[in-house]
Amino acid sequence: MPNNIIHFHEVRKVYDDVAVLKDVSFEIEQGKFYTLLGPSGCGKTTILRLIAGFIEADAGDIRLEGKRVNDIPANQRKVNTVFQDYALFPHLNVFDNVAFGLSLKKLPKSQIAEKVRNVLKMVQLSGFESREISEMSGGQKQRVAIARALANEPEVLLLDEPLSALDLKLRTDMQYELRELQKRLGITFIFVTHDQEEALAMSDEIFVMNKGEIIQSGTPVDIYDEPINRFVADFIGESNIVDGIMLEDNLVEFVGKKFECADSGMRTNEPVEVVLRPEDIQITSVAKGKLKVTVDTQLFRGVHYEIICFDADGNEWMIHSTRKAKEGEEVGLFFEPEDIHVMRFGETEEEFDARLESYDDGQEG
Ligand SMILES: Nc1ncnc2c1ncn2[C@@H]1O[C@H](COP(=O)(O)OP(=O)(O)O)[C@@H](O)[C@H]1O
Ligand SMILES: [Mg+2]
């Protein structure tokens with residue numbers, strides 16, 4: 001497929017006899033914003049380093065624009081990296097930092113000046129050319145680092161937790177700016193973060209990683225709405241997760257009751273895990289509810305109350321509600337069949353996708 005700018009095929013990386021990447025395969029389409037999301041140590045930076053060519057794979061194929069690049073040095077790959085700590089030269093001014101790679105390539109001075117002017121404009125730093133790095137704020141340094149990477153006109157920009165050193169307000173602003181920049185330039189961004197909200201807000205596609213593997217890939221909405229397993233459900237957003245039994249297609253049992261649901265394609269009486277998102281549950285009267293619980297505590301979170309309840313079996317239920325509840329009161333919980341997300345134990349991403357697809361086909365027919 002010509003649209004795939006990066007292709008990993010069963011790529012392994014081993015450190016000290018431990019596989020920190022376990023035969024990872026994925027494809028990256030040209031022009032999209034991808035995010036590698038996962039806890040610290042899961043292998044995100046390792047993937048970026050392999051793409052950039054800073055380290056070598058122990059097995060598998062890495063292709064850029066269809067060409068195997070395992071043995072191609074970093075400086076011959078059309079890839080640039082923006083590092084978490086910016087890695088700027090403190091003794092050089094903004095212009096010289098951005099121009100650094102271009103000077104190494106021995107481009108004519110006038111051409112360098114024009115390219116630097118263009119990329120500084122892109123990151124909204126026109127006029128800052130002669131500013132010292134030490135006189136720049138965190139967000140401005142980050143922009144210089146991005147401008148320096150863009151000056152080399154990469155096909156792919158790798159961004160390794162570039163916003164994690166910024167405070168919350170600036171980080172949110174930079175999220176918008178990066179997203180806008182990616183759309184404007186139309187080049188491929190691969191962004192690394194351990195922050196799920198950041199990943200959901202910015203990405204066309206997310207790869208959720210854990211322990212050297214990609215657990216699930218998809219659009220933010222897909223991953224949020226249909227987590228493949230407990231790890232993803234827990235990592236992406238708040239979840240209520242309980243054990244259940246899939247009695248038959250569209251009928252699941254949990255906390256001793258039967259519920260209509262939208263899932264199908266499992267074995268009769270298969271043990272499963274059931275996810276209900278806090279914002280998909282409404283608090284109502286015991287009579288109108290599908291599940292009876294007792295309100296334990298609540299916290300005001302600005303846009304909603306976070307209400308913790310317990311059912312008769314002692315399961316905890318978190319609900320996000322714009323209305324206050326009364327502590328100690330018995331209430332009913334209401335949710336629709338499609339708010340129940342059923343997850344199989346040990347299902348691979350291929351099996352999971354195939355099952356969802358056959359379910360979607362059934363819906364249309
Ligand atoms: N040069 C190295 N030598 C030994 N172990 C390493 C090296 N680089 C990374 N690792 C290990 O590989 C795993 C993945 O690291 P990394 O890709 O940096 O994770 P992440 O970026 O997701 O936090 C970690 O357990 C880390 O300790
Ligand atoms: Mg890292």
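In which sense do strand β16 and strand β19 pair, and over how many bridges? Strand β16 (residues 291-300) and strand β19 (residues 330-334) are antiparallel, with 4 bridges between them. Within that pairing, Val293 has Val331 of β19 as its bridge partner.

## Overall picture

This is a predicted model. The protein contains 9 helices and 20 strands. Its C-alpha trace spans about 80 × 45 × 45 Å along the principal axes.

Of the 365 residues, 34% are buried. Among contacts with a separation of 6 or more, 67% join residues 24 or more positions apart.

## Two domains

The domain assignment gives two parts: domain 1 (4-225) and domain 2 (240-364). Their centres, taken over C-alpha atoms, are separated by 38 Å.

An unreviewed entry lists residues 6-236 as "domain: ABC transporter". In the model, that span is 37% helix and 27% strand.

## The nonpolar core

The largest nonpolar core holds 89 residues. Val98, Ala147, Ile190, Val208 and Val252 touch the most other members. Helix α4 (residues 138-151) supplies the largest share, with 7 residues. Where does this core lie relative to domain 1 and domain 2? It lies between them, because domain 1 (4-225) and domain 2 (240-364) both give residues to it.

Leaving aside neighbours within four places in sequence, Val252 is in contact with Gly244, Met246, Leu247, Phe259, Cys261, Val272, Val274, Ile340 and Val342.

## Helix α1

Helix α1 covers residues 44-52. Because 7 of its 9 residues are buried, the helix is largely enclosed by the rest of the structure. Which residues of α1 are buried? They are Lys44, Thr45, Thr46, Ile47, Leu48, Leu50 and Ile51. The list includes Lys44 as well as Ile47 and Leu48.

Just after α1 comes Gly53. Gly53 takes a positive phi of about 90°.

## The five-stranded sheet

Strands β16 and β19 from the opening belong to an open sheet of 5 strands. The order is β15-β19-β16-β17-β18, and the pairing is antiparallel. Which strands form the edges? They are β15 (282-284) and β18 (316-321), each of which pairs on one side only.

Neighbouring strands of this sheet are turned against each other. The average angle is 45°, with direction ignored.

Strand β14 (residues 270-276) pairs with strand β11 (residues 240-248). The two run antiparallel and are joined by 7 bridges. Asn240 stands opposite Leu276 of β14.

Strand β14 also pairs with strand β20 (residues 341-344). This pair is antiparallel too, with 4 bridges. Here Val272 stands opposite Arg344 in β20.

Methods:
Residues are numbered from 1 along each chain as its sequence is written. Chains are lettered from A and ligands numbered from 1 in the order in which they are written. This is a predicted model: local features need pLDDT of at least 70, side-chain atom pairs count only at pLDDT 80 or more; totals for chains, interfaces and linings use all residues. A residue is buried if 20 or more other C-beta atoms lie within 10 Å of its own, exposed if 12 or fewer, and partly exposed in between; C-beta atoms are placed from the backbone. Two residues are in contact if their C-beta atoms, placed from the backbone, lie within 7 Å. Two strands pair if DSSP finds at least two bridges between them. Axes are lines fitted to C-alpha atoms, for helices over the stretch in contact, and angles run from 0 to 180 degrees between N-to-C directions. UniProt positions are given in the numbering used here, feature names are shortened, and annotations may be inferred rather than shown by experiment. Domain bounds come from an automatic or database domain assignment. A nonpolar core is a set of buried Ala, Val, Leu, Ile, Met, Phe, Trp, Tyr and Cys residues joined through C-beta atoms within 7 Å.
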